[in-house]
Amino acid sequence: MSSIASSAVNTPNPTANSSEAKRHNSTTATTDNAAFGAGAGINIKRAKVPEGKTFEDYQRVYNEIATKISQHLDYDHGDGYFGQLVRNAWHASATYAVADNSGGSYYGTMIFEPEEFDFQNKGTAIARSFLSSIQVQNPWLSRGDLWTLAGVAGVQECNGPKIKWRPGRLDDNTGTKAAPAGRIPDGEGDARYVRDFFARMGFNDRETVALIGAHVLGRCHTHISGYDGPWGDDSNNFTNDFFERLMGNWHLKNWEGRKQYEDDETNLYMMLPSDMALKEDSNFFKYVQEYAKDVDLWFKDFAAAYSKLLERGIEFPEDNKPLEFKTLHEQAEST
Ligand code: HEM
């Protein structure tokens, strides 16, 4: 198969931690305004695929991630790593601001201050250390590409929809492109807060609700966010359970910890105040109702919004077409 893009780039060696990355700062690839001339726009980030890399190279990395996921299905009460990887890719991308095209997944800056120590990013290092062996095996792959590709594998490997993905993010190994702190939302927010955060990234209400449905996966940890517990019993299975459950009845949890809700039926499951905001706001709620009824609709909307999230702020050349990866299961069935 021919190369994804003809443009060559000398991708710097990705590194697993910031101090190591700082030592490589002389090899940083930059795409700043100066490189493209004044007036071309601000904070331009153009994707460049490492020379000679094809779909097969990325499917191979996908398979390495998926295989590692399959070897740790018991992790965290049986949640596995699906949720961790999906959250890490979201946080890597959620720093994006449409107003000045800053932030986003392109530079792989989550290992640098202030992003590294942003309270909202607590726990995301678990996913990055899970991925470090794959980074070492594939030194040509940038951090931004690795983290977002792992987010795709996290969704697809637990029965989620196909997520279209494009490569070519370039590492900043100096930390100068790190986004300011405070760009990732907090669980205490109300509907207005949630709407404002997602609008900053360029998402409308429909996309916002679709994205937050990823809270079907994984759980909250008191030692990470201060919240506790899973959203339901599909924490390792990508379904519309989050929306179905949100439609039920909830009460404030009676405990010493942060304000969160628990379900009337079992008292086993939780919602954040920012999740409940989707029920309290009538425009958000109409999408909650739709997605609770129609899993195919949610899959379609989630796939489009998540793909958009992972690519915010990046310009892809014409010949860099979206890739769609086969799951391990599909590959096993076709042999
Ligand atoms: C208003 C928006 C959001 C808020 C306030 C929020 C907040 C949180 C919090 C507090 C946790 C618990 C972290 C921990 O204690 O380990 C969490 C976990 C998680 N979030 Fe979000 N989140 C939001 C949106 C999203 C979106 C858009 C996605 C993905 C598209 C996402 C995916 C996840 C996943 C998969 C987990 C579980 C991770 C694990 O199992 O460790 N979240 N989120």
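# A tour from Lys-164 to the iron site

Select Lys-164 first: apart from its neighbours within four places in sequence, Lys-164 is in contact with Ser-307, Pro-322, Leu-323 and Glu-324, where contact means heavy atoms within 4.5 Å. The model is a predicted one, in which local features need pLDDT of at least 70 and side-chain atom pairs count only at pLDDT 80 or more, while totals for chains, interfaces and linings use all residues. Residues are numbered from 1 along each chain as its sequence is written, and side-chain values use heavy atoms, with hydrogens and water left out.

Lys-164 lies in the loop between H7 and helix H8 (191–200), helices (H or I, at least four residues) and strands (E, at least two) being DSSP runs numbered from the N terminus. With a relative accessible area of 44%, Lys-164 is partly exposed; buried means under 20% relative accessible area, exposed over 50%, and partly exposed in between (1.4 Å probe, protein chains only).

Arg-143 is buried, with a relative accessible area of 0%, and a polar atom of its side chain lies 2.8 Å from the backbone oxygen of Gly-108.

Now select Tyr-306, and look for its partners beyond four places in sequence: they are Leu-85, Val-86, Ala-89, Trp-90, Gly-151, Val-152, Val-155, Ile-163 and Leu-211. Tyr-306 and Ile-65 touch the most other members of the largest nonpolar core, which has 82 residues; such a core is a set of buried Ala, Val, Leu, Ile, Met, Phe, Trp, Tyr and Cys residues joined through side-chain atoms within 4.5 Å. Helix H13 (residues 295–310) supplies the largest share of this core, nine residues. At least three residues of the core come from each of domain 1 (18–183 + 313–327) and domain 2 (191–304), with bounds taken from an automatic or database domain assignment. A second, separate core has six residues, among them Ala-47, Tyr-107, Leu-170 and Ile-314.

Turn to the ligand, and select the iron atom together with His-215, whose NE2 atom, at 2.1 Å, is the only protein donor of that iron (donors are N, O and S atoms within 2.8 Å of the metal, or 3.2 Å for Na, K and Ca; water is not among the atoms, so sites may look incomplete). His-215 is placed in the loop between helix H9 (205–212) and strand S2 (219–220). Widening the selection gives 24 residues surrounding the ligand, of which the closest are His-215, Gly-218, Arg-219, His-221 and Ser-225; a residue counts here if one of its heavy atoms lies within 4 Å. A polar side-chain atom of His-221 lies 2.6 Å from a ligand oxygen, a polar backbone atom of Arg-219 is 2.9 Å from an oxygen atom of the ligand, and an N or O atom in the side chain of Trp-90 is 3.3 Å from a ligand nitrogen.

Finish with the backbone at Glu-113 and Pro-114, which are joined by a cis peptide bond with omega of about -5°.

Terms used
A polar contact is a pair of N or O atoms within 3.5 Å; within protein, one must be able to donate a hydrogen and the other to accept it, and residues adjacent in sequence count only if both atoms are side-chain atoms.
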